[in-house]
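My notebook is open, and I'm going through this model one stop at a time. Here is what I looked up.

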Amino acid sequence: MAGNKGGVTMLTQAPRGTKDVLPTDSYRWQHVEALMRKTAAEAGFREVRTPVFEHTELFLRGVGDTTDIVQKEMYTFKDKGDRSITLKPEGTAGAVRAFLESSLYADALPCKMYYLNAPIFRYEAPQNGRLREHHQFGMECFGGKEPTVEAELICALFELLGGLGLKNLSVHINSIGCPECRPKYHQKLKEYLGERLSDMCPTCQERFAKNPLRILDCKEEKCKQELKDAPVMLDNLCDECREHFEKLKEYLTEAGIKFVVDPRIVRGLDYYTKTVFEIIMQSGREGLALCGGGRYDRLVEELGGPATPAAGFGIGIERILIELTTQGLLPEAPGITDVYVANLGADMAVPAFTFTQALRKAGVKADCDVCGRSLKAQFKFADKVNAKYVAIMGGDEYARGTVKIRNMQTREEVEFSLDTAAEETANLLK
Ligand code: HAM
């Protein structure tokens, strides 16, 4: 019995941590997506589409094999050719791989690309705002070493989020240095942590050896206490990194962007150098970011390409939708049908269908009966889908070569000649 029940559940329930976007909800996504495309295009970014899966090696090398994503969260499997394949756990590595594979570095730089609705897979504990499959909009810029790039990315984000109506946003920025200054800082941090480490959580202890900077990201209260007076990367930047960070702040200030310098932003992926940034969710879910990004000047080279500075961000579309819902900023659902073409009987089904096609050609959202319903049931359906007009096909009007169009709100009726009815109905809707 239980097995049977389980079998049914497997068939009708999506895997944990995934979500359908139903026809009733997809307009919300489209609303957000339209603004994303517009923002990206205005900033000179063109769309890139990369595969949902890549060779596992790309993420081991790209994202970093000490990160939580690689160690715990990847969906990795062997394909039938015995290759290790991984479903994209983030968007940047795939974009870099595409940039390299097609030698885009040989074209005029910077090369600016964006991805939209890219499905991202992470085996995380699902909760509100944290899914096992989520979707990202990301912008990546290759070939620009100046902080203008990060400033441009952050401005685009504000343009996007502001355009959606989200208010009170501030971006948290930090610099995590470069291979020149970071190792020295790691040393200092390790010295500070020294005896404190035994009082800290197992994750921090693990990170101590492999990636001490990530200890700063620990959410455990006792660890936070121990880290209170820890040295911060910002005080230990080399001249080049410091200057880069100062210039970025100047750009953002001039652009009127509210930002917070937050030395605790260290990011969960290994490829970052210099600038890192996050926008934290307003709906107050501890630790959940709306968006994350930064500079990754070494990644292209580490993956086998020529040294190419780069920076980008990724923003979770589901999290944007949570924010929009919480702040009551979602637009109203658009109507499904503007004109419903009812037939007065089965013998009028063909003319009704033909008129529906003519309306659609005239640019009208039109529909007709496909269920063999009675006239009464057709009107009921037209009401249910909020049709603005019902065209009634049949009777004396049809015999005269006309069709009656009823305004469903005012109940007023007009009669149009069938020859011109599609265009005239389209005009009614203008
Ligand atoms: P990330 O911070 O790991 O960065 O993810 C970017 C955004 O994706 C997050 O801020 C969040 O909105 C969303 N997100 C992440 N995990 C989940 C999840 N489990 N459920 C729902 N939404 C989630 C990256 O992925 C980098 N590739 C960003 C980047 C691009 N850096 C440079 N270029």
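**Charges over rings.** I started with Arg132, whose charged end sits over the ring of Tyr123, 3.9 Å from its centre. My rule for a charge over a ring is NZ of Lys or CZ of Arg within 6 Å of the ring centre and within 35 degrees of the ring normal. Lys190 over the face of Phe208 also made my list, at 5.4 Å from the ring centre.

**Ground rules.** I'm working on a predicted model, so I note that local features need pLDDT of at least 70, side-chain atom pairs count only at pLDDT 80 or more, and totals for chains, interfaces and linings use all residues. Residues are numbered from 1 along each chain as its sequence is written, and side-chain values use heavy atoms, with hydrogens and water left out.

**Tyr75.** I looked up Tyr75 next and found it in the loop between helix H4 (68–73) and strand E3 (76–78). I take helices (H or I, at least four residues) and strands (E, at least two) as DSSP runs, numbered from the N terminus. Leaving aside neighbours within four places in sequence, Tyr75 is in contact with Ile85, Thr86, Leu87, Phe121, Arg122, Tyr123 and Arg132; contact means heavy atoms within 4.5 Å. Buried or exposed, or in between: where does Tyr75 fall? Tyr75 counts as partly exposed, at 28% relative accessibility. For the cut-offs, I use buried for under 20% relative accessible area, exposed for over 50%, and partly exposed in between (1.4 Å probe, protein chains only). I also checked Tyr75 against Pro212: they are 137 residues apart in sequence and 26 Å apart in space, C-alpha to C-alpha.

**Ligand.** Which of the 26 residues around the ligand come nearest? I get Glu90, Glu124, Glu140, Tyr272 and Leu290, where near means that a heavy atom of the residue lies within 4 Å. Then I went through the polar atoms. A nitrogen atom of the ligand is 2.6 Å from an N or O atom in the side chain of Glu124. For Glu90, a polar side-chain atom lies 2.7 Å from a nitrogen atom of the ligand. Arg122 has a polar side-chain atom 2.9 Å from an oxygen atom of the ligand.

**Aromatic rings.** I pair rings of Phe, Tyr and Trp (its six-membered ring) if their centres lie within 6.5 Å; planes under 30 degrees apart count as stacked, over 60 as edge-to-face and the rest as tilted. By this rule I get 10 aromatic pairs. One of them is Phe99 with Tyr105, edge-to-face at 6.0 Å centre to centre and 65° between the planes. Phe99 is buried, at a relative accessible area of 0%, whereas Tyr105 is partly exposed at 30%. Ring pairs link both into a cluster with Phe142, Tyr271, Tyr272 and Tyr296.

**Cores.** Phe142 turned up again here. The largest nonpolar core has 98 residues, and Phe137, Phe142 and Ile315 have the most contacts inside it. Helix H6 (residues 148–163) gives the most to this core, with 9 residues. A second, separate core of 18 residues includes Val341, Ala391, Met393 and Ala426. By nonpolar core I mean a set of buried Ala, Val, Leu, Ile, Met, Phe, Trp, Tyr and Cys residues joined through side-chain atoms within 4.5 Å. I listed the contacts of Phe142 beyond four places in sequence, among them Phe99, Leu109, Pro110 and Tyr296.

Most residues other than glycine have a negative phi, and most peptide bonds are trans. I noted exceptions anyway. The peptide bond from Leu109 to Pro110 is cis, with omega near 10°, and Pro110 lies in the loop between helix H5 (92–101) and strand E5 (111–121). Asn117 lies in strand E5 and has a positive phi of about 65°; Asn117 is partly exposed at 26% relative accessibility. Arg267 also has a positive phi, about 70°, but Arg267 counts as buried at 11%. I found Arg267 in the loop between strand E8 (259–261) and strand E9 (273–280).

**Asn236.** My last stop was the loop between helix H9 (221–226) and helix H10 (239–254), where Asn236 is found. Asn236 is buried, with a relative accessible area of 16%. What does the side chain of Asn236 make a polar contact with? I see the side chain of Lys188, at 2.7 Å. The Asn236 side chain also reaches the backbone oxygen of Val232 at 2.8 Å. I call a pair of N or O atoms within 3.5 Å a polar contact; within protein, one must be able to donate a hydrogen and the other to accept it, and residues adjacent in sequence count only if both atoms are side-chain atoms.
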